[in-house]
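Let's take a look at how some side chains pair up in a protein model. Have the picture open while you read.

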Amino acid sequence: MAENKRSAEATGSDVHKKIRAAFEVFDYESNNTVDAREIGTIIYSLGCFPTQADLHDFTAEVEEGHTGYIHLDKFLPVMTKVLLENKYPPIPEDLLLQAFEVLDKEKKGYLEPEDLTKYMTQEGDVFTQEEMDEMLTALVDHEKNLIYYKDLINLLTIDPDM
């Protein structure tokens with residue numbers, strides 16, 4: 001029993017360290033506070049993939065009033081629970097590949113940034129243009145101005161054993 005408790009505490013401690021590290025990347029003023037608009041990126045960096053609706057609900061739960069800011073003290077316990085319960089698991093690699101292949105009608109192995117933007121801002125859980133610009137900066141092969149989705153899938157999927 002004592003061994004299990006120590007193991008759970010160690011796991012909780014590791015989770016807290018991981019969350020703090022991800023949060024601190026966006027805590028530009030080092031005051032344990034981040035802009036609420038950064039929460040999605042922080043959550044994604046922790047290997048969680050909520051829907052836009054889930055993200056909205058999560059933000060509403062942890063935001064300081066309607067200030068647009070989130071304090072680590074509110075974020076940490078909620079995010080710890082999310083991680084320990086595996087609440088927003090990543091989409092399996094094969095389903096992600098199928099989704100990209102549906103968009104790549106000609107089976108070229110890549111998408112044009114304009115096409116991906118169109119799909120992501122007009123259908124399903126839509127992204128804002130600002131979110132798309134940020135995403136494309138990270139995803140586009142800048143020499144060829146293309147998105148090679150098989151490489152991207154490797155970035156988006158997380159080894160569950162890590």
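How many aromatic pairs does the structure hold? The answer is six.

## Ground rules

This is a predicted model, where local features need pLDDT of at least 70, side-chain atom pairs count only at pLDDT 80 or more, and totals for chains, interfaces and linings use all residues. Residues are numbered from 1 along each chain as its sequence is written, and side-chain values use heavy atoms, leaving out hydrogens and water.

## Rings that pair

Rings of Phe, Tyr and Trp (its six-membered ring) pair if their centres lie within 6.5 Å; planes under 30 degrees apart are stacked, over 60 edge-to-face, and the rest tilted. Y44 and F49 make a stacked pair, 6.1 Å centre to centre with 15° between the planes. Y44 is partly exposed at 27% relative accessible area, and F49 is partly exposed too, at 26% (buried means under 20%, exposed over 50%, partly exposed in between, with a 1.4 Å probe and protein chains only).

Now find F58 and F75: their pair is edge-to-face, with 5.7 Å between centres and 80° between planes. F58 sits in helix α3 (residues 52-62) and F75 in helix α4 (residues 72-84), so this pair ties together parts 17 residues apart in sequence. Helices here are DSSP runs (H or I, at least four residues), numbered from the N terminus.

## Charged partners

There are two salt bridges as well (a side-chain nitrogen of Lys or Arg within 4 Å of a carboxyl oxygen of Asp or Glu). D35 and R37 meet in one, at 2.7 Å from N to O, and R37 is exposed, at 66% relative accessible area. K81 bridges to E85, with the closest N and O atoms 3.7 Å apart; E85 is partly exposed at 47%.

Key: Helix = DSSP H or I, 4+ residues; strand = E, 2+ residues; numbered from the N terminus.
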